[in-house]
Amino acid sequence: MSSSTAASGIDPIPDAAPLSLCAREPHVPADRLVAEMVPPPRFDSVRFDSYIPDPNQPSQTEAVRVLADFAAGLGGAHAVGGAKRGLFGFGRSRAPKTPAGPRGVYLDGGYGVGKTHLLASLWHATPAEPSLKAFGTFVELTNLVGALGFQKTVQTLSGHRLLCIDEFELDDPGDTVLVSTLLGKLVGAGVALAATSNTLPGKLGEGRFAAADFLREIQGLSAHFRPLRIDGEDYRHRGLPEAPAPFTDEQVTKAAYATGGASLDDFPHLLDHLARVHPSRYGALTDDLEAVCLTDVQPVKDQSTALRLVVLADRLYDREVPVLASGMPFDTLFSEEMLNGGYRKKYFRAISRLTALARDAKGLVEA
C-alpha cells in the first residue's frame with residue numbers, strides 16, 4: 001500500500017499498486033544528458049507548418065517567416081568547426097570567418113504564445129544531423145555544465161551548428177556569468193544560437209538581483225541575439241474550459257490504481273523528496289509514467305521548494321504526463337509575494353502548465 005493511501009485512510013483498491021515518485025532516486029550519466037538535448041516528446045512532430053498564428057497577432061506570422069529564413073541560412077559547413085582540424089589544431093585548413101551581426105535569435109513573448117513550438121520547429125528545420133544540433137532548457141544547459149565541467153561543455157557543443165535554449169531564465173548572478181561566458185565562446189566557435197524567454201535580452205535579471213556588476217555581462221549577452229517579439233494570449237486557455245476543480249483523495253487514489261503506469265504520492269512528501277534529487281534528474285524521475293496522481297496539494301511555503309516544483313512541472317509538461325490532484329487548485333500553489341517577486345514568470349508558467357496537465361487528467365476519473 002502506498003504511503004498516500006495509508007495516510008488518507010482509504011482502503012486499498014484491488015488493482016496493481018501504482019508507482020511512487022518518492023521511491024525513485026534516479027542517477028543520470030553525463031552522456032545521457034548530452035544525448036537527450038533534443039526537443040522533448042511533446043514537440044517531436046511540431047513544424048513551422050503546424051504552428052497556427054493568431055490572425056490578430058501579426059508578430060506571430062512574422063516570427064515564422066524570420067525563423068524559417070534563419071534555419072535556411074544555417075545550411076552548409078559549420079561557420080568555424082566545419083574545417084577539419086589536426087591534432088591540437090595544427091595543420092587545419094583556414095576556417096571561414098563567422099558571419100557579421102548577431103549569431104542568434106531571441107524569441108520574447110508571454111506565456112503560451114507558442115515560443116517553444118517555434119524553437120523546436122527551428123531545430124527540426126535546421127539542415128544538420130541531430131548530433132550537430134542541441135535543444136534544452138536553460139536549467140538543463142546549466143546542469144550539463146555541472147555534469148561535464150565548463151571546458152568539456154564548450155568542447156562538446158562547439159562542433160554544433162545550432163544550440164536552442166528554452167525558457168532562458170537567470171536565477172542568480174553566478175548563472176549570469178556562467179552562461180554569458182559559455183555562449184560567448186560558442187558564438188566564437190561559429191555556433192548559431194536561439195533562445196526563448198519572457199524577457200528581452202537587455203532586461204535579463206531585472207527584478208531578480210540588483211548587482212550593477214552583472215549588468216555588463218547581461219548587456220554583452222544581449223548582443224549575441226536578434227530580439228524577435230511574439231505577441232498574443234496564452235494558447236493553453238484560448239477558448240478552453242477552466243481547469244477542473246481538484247478531486248477527492250478517494251477519486252485520485254482509485255484513478256491511480258486503475259491507470260497503468262500511474263504514480264501516486266502525497267504532495268507534501270513529494271516536495272520533500274524533490275529536495276533530495278538534483279533537478280537535472282527530474283526528467284529521469286518521470287521516465288515511463290502515464291500519469292501523476294497527487295493527494296493533499298497545498299500552497300508551497302518557501303521559494304526553494306517552489307523553484308524545484310517549477311522544474312518538475314516543466315519536465316511533466318514536456319513529456320505530456322497528465323496530473324490528477326486532490327487538495328487545493330494549482331492556481332493557489334504560490335503566494336502573492338512569490339507571484340509578485342523576481343521569479344513570477346516561472347511561477348505563472350508552472351501554473352499554466354500544471355493547469356493544462358490537470359485538464360488532460362480529467363478523463364482518468366471520468367473513465
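Me: What joins the side chains of serine 326 and aspartate 249?
Reply: A polar contact of 2.4 Å. The term stands for a pair of N or O atoms within 3.5 Å; within protein, one must be able to donate a hydrogen and the other to accept it, and residues adjacent in sequence count only if both atoms are side-chain atoms. Keep in mind that this is a predicted model: local features need pLDDT of at least 70, side-chain atom pairs count only at pLDDT 80 or more, and totals for chains, interfaces and linings use all residues. Side-chain values use heavy atoms, with hydrogens and water left out, and residues are numbered from 1 along each chain as its sequence is written.

Me: Is serine 326 buried or exposed?
Reply: Serine 326 is buried, at a relative accessible area of 1%. Buried means under 20% relative accessible area, exposed over 50%, and partly exposed in between (1.4 Å probe, protein chains only).

Me: And which residues is serine 326 in contact with, leaving aside neighbours within four places in sequence?
Reply: Among them are Pro246, Phe247, Asp249, Val252, Leu294 and Asp296. Contact here is heavy atoms within 4.5 Å.

Me: Which strand is serine 326 found in?
Reply: Strand E8. Strands (E, at least two residues) and helices (H or I, at least four) are DSSP runs, numbered from the N terminus.

Me: What order do the strands of that open sheet come in?
Reply: E6-E7-E8, three strands with parallel pairing. E6 (262-266) and E8 (323-327) are the edge strands, each pairing on one side only. From one strand to the next, the twist averages 15°. Pairing needs at least two DSSP bridges between two strands.

Me: How many bridges join E6 to E7?
Reply: Five, and E7 covers residues 291-297. Aspartate 266 sits opposite threonine 295 in E7.

Me: Which helices lie across those strands?
Reply: Helix H9 (residues 249-258) lies across E6, E7 and E8, at about 160° to E7. Helix H14 (residues 344-366) lies across E7 and E8, at about 85° to E8. Axes are lines fitted to C-alpha atoms, for helices over the stretch in contact, and angles run from 0 to 180 degrees between N-to-C directions.

Me: Switching topic: how do the axes of H10 and H12 cross?
Reply: At roughly 95°, with the axes of H10 (residues 267-274) and H12 (residues 303-318) coming within 10 Å. H10 and H12 are therefore roughly perpendicular, a label for 65 to 115 degrees; under 35 is roughly parallel, over 145 roughly antiparallel, and the rest oblique.

Me: Which residues meet there?
Reply: Phe267, Leu270, Leu271 and Leu274 from H10 meet Thr305, Arg308, Leu309 and Leu312 from H12. They divide into six nonpolar, one polar and one charged. Ala, Val, Leu, Ile, Met, Phe, Trp, Tyr, Cys and Pro count as nonpolar, Asp, Glu, Lys and Arg as charged, and the others, Gly among them, as polar.

Me: OK, now E4. Why is strand E4 largely enclosed by the rest of the structure?
Reply: Because six of the six residues of E4 (residues 192-197) are buried. Ala192, Ala194 and Thr196 cover one side, and Leu193, Ala195 and Ser197 the other.

Me: Which strands pair with E4?
Reply: E1 (residues 104-109) runs parallel to E4 and is joined to it by five bridges. E3 (residues 162-166) also pairs with E4 in the parallel sense, over four bridges. Aspartate 108 stands opposite serine 197, and isoleucine 165 has alanine 195 as its bridge partner.
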